[in-house]
Amino acid sequence: MIINNSKIENPVLRMVGEEADRLGLDCYVIGGWVRDLFLHRESTDIDVVCVHREGDERSHIGILLAESVGKRLGRGAHLSVFKTYGTAQVKKGELELEFVGARRESYTRDSRNPIVEDGTLHEDQNRRDFTINAMAICLNHARYGELLDPFDGTGDLERCIIRTPLNPDITFSDDPLRMMRAVRFATQLGFNLEGDTFDAIVRNRERIRIITRERISEELNKIMLSRRPSEGWILLDKTGLLPLIFPELAALKGVETIDGRGHKDVFFHTLKVLDNIAELQKAPITHHPSPIDPLGLWLRWAALLHDIGKPKSKSWDPQAGWTFRNHNYIGAKMVPKIFAKLKLPLNDKMDYVRKMVDLHMRPINLIEETVTDSAVRRLLFEAGDDIEDLMLLCDADITSRNEEKKARFHHNYQLVRQKMVELEERDRIRNFQPPVKGDEIMEILHLEPCSTVGELKSAIKDAILDGVIPNEYEPARAYLLQLAHERGLC
């Protein structure tokens, strides 16, 4: 079958084929680029596999072709060679070409690192994870554009299913990361797991324990950035992978009932909040990503973890029913441990997620009480530049089926937002520092560095947040002298 698609008539691909012909190699574009060609998705990463022609015993033919292509691309092309793996990469601008020789693989039980040997194209296609990633298109001049699809990957694209080329039990036992990749591709593409493939993941789920947390988290982040990330987490739950890789999230599942009163299933509520965030992030009017989170990934993690403390805080009160007191505080304390275990970054991104989890109940409490200037000032101060993300999370957290209740909550949040704008314009509270600095306090009161300096500085900050004095230098200095006099410091 010859592919009739304008993307195939790519001058770079033609040039790769010409260099392969000159070197006496058969070569094919394979994997994700071919899959995305049929799905009409943009893809700049191109994987090229080379095959020995009969009687050709040269090794590292992928590197050989990459070197030749790099020279043809000329100035600006960057060649990276990985001799240990027999692979090479050529980059120029947004173009990225990966070269490898066709290979066959075998595995030992205790490792996902294969024993690799030179192989045929068919053997190389056999080793691919899924049928939709095993399709290859010839780049040699005589057969340019010919599709080799031995496992009906095109049919699986039409049927919208994820299926392994060979026995799925062998595929997943050999490389258990492919179970995570199956869930990730199903989530990204909106596909289903084919029945035997799904069942094989269930049977082999314990094998996921040999995979490093870093590799698992890479797949989780890709699931999180998909259009409807909840679909990935639900698949992880249904296959039995979730309690093995993220038991804290699995613990949110289920509803307990006493005297006919039950609480909502926190797991499915959480996934609804996550999908709500993903939907809200599509609208640039409502979402302006912060520099710390340009892709919106960490706000999605905050949504996933916002109620993570509920199982530990759940209690039954005969009058109030089910309560989850301080679940935000408990959840915030859990965030660093979860990030460490999943090998997620333990830096400002983790701090951001922890802050979102800790503060996510504050706006809710504001709309349920009288919105005082003092309470709004403190929220602005503590949230800082992340206040818009926090309010977005709170909007997403409204998952009631009662449309009237949802409308009322959204309206009340708008009132809080309006109050924030007014106070910020007037008092400049966000990220503020008390107008009188610590060294000036020591100079005015002739103090050495001590806890009293910090207490006075904190008292000035509280007075500004409570509206006792404006956020200006002279009133702050006068308030300092008043405090000093009351404490006998001057």
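Trainee: Is Glu219 buried or exposed, and what is its relative accessible area?

Mentor: Glu219 counts as buried because its relative accessible area is 3%; buried means under 20%, exposed over 50% and partly exposed in between, with a 1.4 Å probe and protein chains only. The model is predicted, so local features need pLDDT of at least 70 and side-chain atom pairs count only at pLDDT 80 or more, whereas totals for chains, interfaces and linings use all residues. Residues are numbered from 1 along each chain as its sequence is written, and side-chain values use heavy atoms, with hydrogens and water left out.

Glu219 belongs to helix H9, residues 213-224. Helices (H or I, at least four residues) and strands (E, at least two) are DSSP runs numbered from the N terminus. Beyond the neighbours within four places in sequence, Glu219 is in contact with Leu177, Met180, Arg181 and Arg184, where contact means heavy atoms within 4.5 Å.

The loop that leads from H9 to helix H10 (230-238) holds Arg227. Arg227 has 53% relative accessibility and therefore counts as exposed. With neighbours within four places in sequence set aside, Arg227 contacts Ala278 and Lys282. Arg227 and Glu67 lie 160 residues apart in sequence, and their C-alpha atoms are 38 Å apart in space.

The nonpolar interior can be taken next. A nonpolar core is a set of buried Ala, Val, Leu, Ile, Met, Phe, Trp, Tyr and Cys residues joined through side-chain atoms within 4.5 Å. The largest has 132 residues, and Leu65, Trp233, Phe246 and Trp301 have the most contacts inside it. Trp301, leaving aside its neighbours within four places in sequence, is in contact with Leu220, Asn221, Met224, Trp233, Phe246, Leu342, Leu344 and Val353. Another core, of nine residues, lies apart from the largest one and has Tyr28, Val51, Leu121 and Cys138 among its members. In soluble globular proteins, nonpolar side chains tend to be buried together.

A loop can also hold a buried residue. Leu252 sits in the loop between helix H12 (247-250) and strand E12 (257-258), and its relative accessibility of 3% is why it counts as buried. Not counting residues up to four places away in sequence, Leu252 touches Asp265, Val266, Phe267, Thr270, Asp307, Ile308 and Pro311.

Helix H20 (residues 387-396) has nine of its 10 residues buried, so the rest of the structure largely encloses it. Among these buried residues are Asp389, Leu390, Met391, Cys394 and Asp395.

Helix H23, residues 451-465, has 15 residues and reaches 21 Å from its first C-alpha to its last, close to the 21 Å expected at 1.5 Å a residue; the expected span is 1.5 Å times one less than the number of residues. Its buried residues are Val453, Leu456, Ala459, Ile460, Ala463, Ile464 and Leu465. Their cover includes helices H19 (373-383), H22 (438-445) and H24 (473-486). After H23 comes Gly467, with a positive phi near 80°. H24 is also the place of His485, which is exposed because its relative accessible area is 58%.

Most residues other than glycine have a negative phi. His40, however, has a positive phi near 60° and lies in the loop between helix H2 (32-39) and strand E2 (45-51). With a relative accessible area of 70%, His40 is exposed. Asn326 likewise has a positive phi, near 60°, and its loop runs between strand E15 and helix H16 (327-342). At 52% relative accessibility, Asn326 counts as exposed.

On a 1 Å grid over the protein atoms alone, a pocket is an open set of points where a 1.4 Å probe fits, with protein on both sides within 12 Å along at least five of seven lines, and lining residues have an atom within 4 Å of a point. Of its 26 lining residues, Lys264, His269, Lys310, Asp397 and Lys405 are the closest to the centre. The lining comprises nine nonpolar, 10 polar and seven charged residues; Ala, Val, Leu, Ile, Met, Phe, Trp, Tyr, Cys and Pro count as nonpolar, Asp, Glu, Lys and Arg as charged, and the others, Gly among them, as polar.
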